[in-house]
Amino acid sequence: MNLLTTEMRRALHRRAVRVLIAIALVGCGFAGIVAYLAFRGKTIARLRLDEGNPAVMTNWWIADDHVGVLSVGMFFLFLGGFFAGATVAGAEWRAGTITTVLTWEPRRLRLHSARLTSGAVLAFVISFGLQVIFLASLVPAVVFNGTAEGVDGSFWLNLAVVVARTSVITAAAAILAMSLATAARNTAFAVIAMFAWIVVIEGLIRTLKPSLSSWLWGETVTTVMSWSRLDTVEIARGPLMSAVTLAAYLAVIIGGAAISFQRRDIAAGS
Amino acid sequence: MSPVAVDGLDLTVPEGGVFGFLGPNGSGKTTTIRCVLGLALPTKGVIRLFGESVAEGLREAVQRTGAIVETPALFPTMTARENLRLLAAVDRIGPGRVDEVLAIVGLADRAGDLVKHYSLGMKQRLGLAAALLKDPDLLMLDEPANGLDPAGMREVRQLLRQLADDGRTVFVSSHVLAEIESTCDRVAVLAKGRLVTHGRVLAAAGQWVTELRPDRFSLEDVFLELTSTADVSEAQLEQVVA
């Protein structure tokens, strides 16, 4: 537990993490102001005509369509979680602080597990908190300009499930990045490798071999995020199977990184 | 095939006192320390700390060991006190001990400053403070005087002596002979990854005499004779070792 809290404090001290949180908070504030100003003086009927209008509270998440205002932030949270995770793990190698920590806790697997767990917990909590703040920033637009009509228990439940699910995906992105950065011992590798894989390799596979699309990270993550089968994929997988696929991919990468961390020397300038 | 960093090193460090680990740059000092601390895994051989095999009881051994490996790496955006408290939390060491070690290394007045504003010498002292946090039985210090000015070097020397006089074992690696000569009770000399010689350093009649080579009157003489030879051949080294 000590190690876990220590690792969390270390992660929160990373400048990149703080900057990313600050950017997200500014974004939330900006979204709230825009939502409030943009829909002033409009009738409820007019507001309802705009698809996904945040001043209409039921648009925050439409369970039947698996979309809503919340969808806007999902991608950014995933990216933010990934970048923060890569930075937290990569910077330890660049600064050499990993050596210092290992002279206090030499059991590498234990340390690695504590770091991944702390990263996952932090990413989940921060993602959850940011989504709550984002939604809270839209409340003035709903209260003063819009409507909360149609909001009931099932709406709140669906909303909570979506927020929690997005937070889990953010946590997965963070530990994926931490694992890649640990295996390669730097931040840049994790970011570039992920970018190259998602954009270049998966782009090529999607074009040349569309039948494999359902196995790709992009489709898998999108399916889990929206929790609905994709129409665009030839052989689309359901959300549960996609979640299992995602977990399997993660397990392989986490396992590989753990073995690499356990076996390789912690050499100078590594 | 990767080069051999340390080869056939057979060395016992006695309990108590300051043990100097000498060698030119690239001789394998840091690699040896890394192996002892479990940061690097030797391809073969056995390392024992406090009589127990490191491979089996590393955690217990490390708990009794304070270490600086190369440059002390701490969080630049935290204060010295925050850095030490963060490390202390791993072993549930109280904040009182943090202030104590900051005072020992002479950083009590600057404990609230961010580490990024520290000079190299101050970072070195902070590293030493971190190594002392656990109140260790053994201190393994890799080039602890790096970046220190003459006054700082003297303070560190005095501190190491004091720690040894308190019953701790201090293992110091360095290529600065004056530092080793005036601080250490025993030394080992490493060259090209191999132990060239080891023995006591004695102060006698105002001169430093070593039992390594009694015909030489300073550690520098011995050191230079044994290692100066950047172009020393394997055959020559074999001869020295023999």
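Here are some exercises with worked solutions on a predicted model with chains A and B.

**Exercise 1. The overall build of chain A**

Task: Work out how many helices and strands chain A has, and find out which radius of gyration chain A has beside that of a compact globule.

Solution: Start with the secondary structure. Chain A holds eleven helices and zero strands, so reading from the N terminus gives the run α-α-α-α-α-α-α-α-α-α-α.

Next, turn to the dimensions. The C-alpha trace of chain A spans about 65 × 45 × 30 Å along its principal axes. For 270 residues, a compact globule would have a radius of gyration near 18 Å, and the 21 Å of chain A agrees with that.

Finally, look at burial and contacts. In chain A, 41% of the 270 residues count as buried. Taking contacts between residues at least 6 apart in sequence, 72% join residues at least 24 apart.

**Exercise 2. Two packed helices in chain A**

Task: Describe how helix 2 (residues 15-38) of chain A packs with helix 6 (residues 108-137) of chain A, giving angle and axis distance.

Solution: A word on method comes first: two packed helices are described by the angle between their axes and the distance between the axes.

Step one is to read off both values. Helix 2 and helix 6 of chain A pack at an angle of about 20 degrees, and their axes are 8 Å apart.

Step two is to classify the angle. Angles under 35 degrees count as roughly parallel, and helix 2 and helix 6 of chain A are therefore roughly parallel to each other. Their crossing is right-handed.

Step three is to find the residues that meet. Helix 2 of chain A brings A:I21, A:A24, A:L25, A:C28, A:G29, A:A31 and A:G32. On the side of helix 6 of chain A, they meet A:I126, A:L130, A:I133, A:F134 and A:S137.

**Exercise 3. A helix pair in chain B**

Task: Repeat the analysis for helix 3 (residues 80-90) and helix 4 (residues 95-104) of chain B.

Solution: The angle here is about 130 degrees, with the axes 9 Å apart. That makes helix 3 of chain B oblique to helix 4 of chain B. Helix 3 of chain B passes helix 4 of chain B in a right-handed crossing.

**Exercise 4. Inside chain B**

Task: Show which residues of helix 1 (residues 29-36) of chain B are buried, and trace what they pack against.

Solution: Begin with the count. Eight of the eight residues of helix 1 of chain B are buried, which leaves the helix mostly covered. They are B:K29, B:T30, B:T31, B:T32, B:I33, B:R34, B:C35 and B:V36.

Then list the neighbours. These buried residues pack against strand 1, strand 2 (48-49), helix 2 (54-63), strand 5 (138-142), strand 6 (169-174) and strand 7 of chain B. Just after helix 1 of chain B, B:G38 takes a positive phi of about 80 degrees.

Follow two of those neighbours further. Strand 1 (residues 17-22) of chain B pairs with strand 7 of chain B in the parallel sense over four bridges. The bridge partner of B:L22 in strand 7 of chain B is B:V189. Five of the six residues of strand 7 (residues 186-191) of chain B are buried, so this strand is largely enclosed by the rest of the structure.

**Exercise 5. Where the chains meet**

Task: Find how many residues of chain A are in contact with chain B, then decide whether A:I266 is buried or exposed.

Solution: Count both sides: 23 residues of chain A are in contact with 25 residues of chain B. On the chain A side, helix 1 (2-12) and helix 5 (97-102) each supply at least two residues. Helix 1 of chain A gives the largest share of that side, six residues.

Now take A:I266, which lies in the segment after helix 11 (239-263) of chain A. The cut-off for a buried residue is 20 or more other C-beta atoms within 10 Å; with 22 C-beta neighbours inside 10 Å, A:I266 counts as buried.

To finish, leave aside residues up to four places away in sequence: A:I266 touches A:I98, A:T99 and A:L102 from chain A, along with B:R34, B:L39 and B:A40 from chain B.

Methods. Residues numbered from 1 in each chain as written. Chains lettered and ligands numbered in written order. Predicted model: local features only at pLDDT ≥ 70, side-chain atom pairs only at ≥ 80, totals over all residues. Rg over C-alpha atoms; globule rule 2.2 N^0.38 Å. Buried ≥ 20, exposed ≤ 12 C-beta atoms within 10 Å, placed from the backbone. Contact = placed C-beta atoms within 7 Å. Pairing = 2+ DSSP bridges. Axes fitted to C-alpha atoms, helices over the stretch in contact; angles between N-to-C directions. Parallel < 35°, antiparallel > 145°, perpendicular 65-115°, else oblique. Left-handed = near helix turned anticlockwise from the far one by under 90°.
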